[in-house]
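Trainee: I have a structure open and would like to go through its side chains with you. Could we begin with the charged ones?
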Amino acid sequence: MKSSALKRYNWRVIQLSLVYAVFLLGAVYGFKHQLIPDALQYFAAVLPALPIIGIFGAIGWYLVEEQDEYVRMLMVRQSLFASAFALSLATVWGFLSNFGLVGRADGYWVAIAWFFGLGLGSLYNKLTLGASVKC
């Protein structure tokens, strides 16, 4: 059974993901069709990042609200896995790029790698949880 903290977390992430989609589609469309005035271009470019930042905050909020210490530890472990994955990937890519072996990557790929790492961390939790249950 899902805790009320997890239900609130899921609801926040769904809402923020929908806002992200709207902001991103709006920004891409606006820039592509040159509809955004010069004075608002920085604002429009940053707008899709705000819900992503909100998701990072939602994870922190979930960790504060979750009462089950074991479940909280699993989310902390998952987040640490994601952080190590994204930072390691960014570091390796940075050195490869610095030596001219790969192209430059946009900074937002770090967040994408982090969310991918969050999924890998979840898989790791499931695999290790399954192993501990079998013992």
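Mentor: Please keep in mind that this is a predicted model. R8 is partly exposed, its relative accessible area being 36%.

Trainee: Which residue forms a salt bridge with R8?

Mentor: E65 does, and the closest N and O atoms of the two are 3.3 Å apart. This pair connects distant parts of the chain, since R8 lies in helix α1 (residues 4–32) and E65 in helix α3 (residues 49–65), 57 residues apart.

Trainee: Is E65 buried or exposed?

Mentor: E65 has a relative accessible area of 18%, so it counts as buried, the cut-off being under 20%.

Trainee: How many salt bridges are found in the whole structure?

Mentor: The search finds 3. One of them joins D106 and R104, with the closest N and O atoms 3.1 Å apart. D106 is partly exposed at 32% relative accessibility, while R104 is exposed at 66%.

Trainee: Changing topic, which residues form the nonpolar patch on the surface?

Mentor: V92, F95, L96, F99 and L101 form it, with about 540 Å² of accessible area together.

Trainee: Where is F99 found?

Mentor: F99 sits in the loop between α4 (69–98) and α5 (109–134). F99 is exposed, because its relative accessible area is 60% and the cut-off is over 50%.

Note on methods:
Residues numbered from 1 in each chain as written. Predicted model: local features only at pLDDT ≥ 70, side-chain atom pairs only at ≥ 80, totals over all residues. Heavy atoms only, no water. Patch = residues over 30% accessible without salt bridge, like charges linked within 9 Å, V, L, I, M, F, W, Y side chains within 5 Å. Areas by Shrake-Rupley, 256 points an atom, 1.4 Å probe, with all protein chains shown as cover. Salt bridge = Lys/Arg side-chain N within 4 Å of Asp/Glu carboxyl O. Helix = DSSP H or I, 4+ residues; strand = E, 2+ residues; numbered from the N terminus. Buried < 20%, exposed > 50% of the residue type's maximum accessible area, 1.4 Å probe, protein only.
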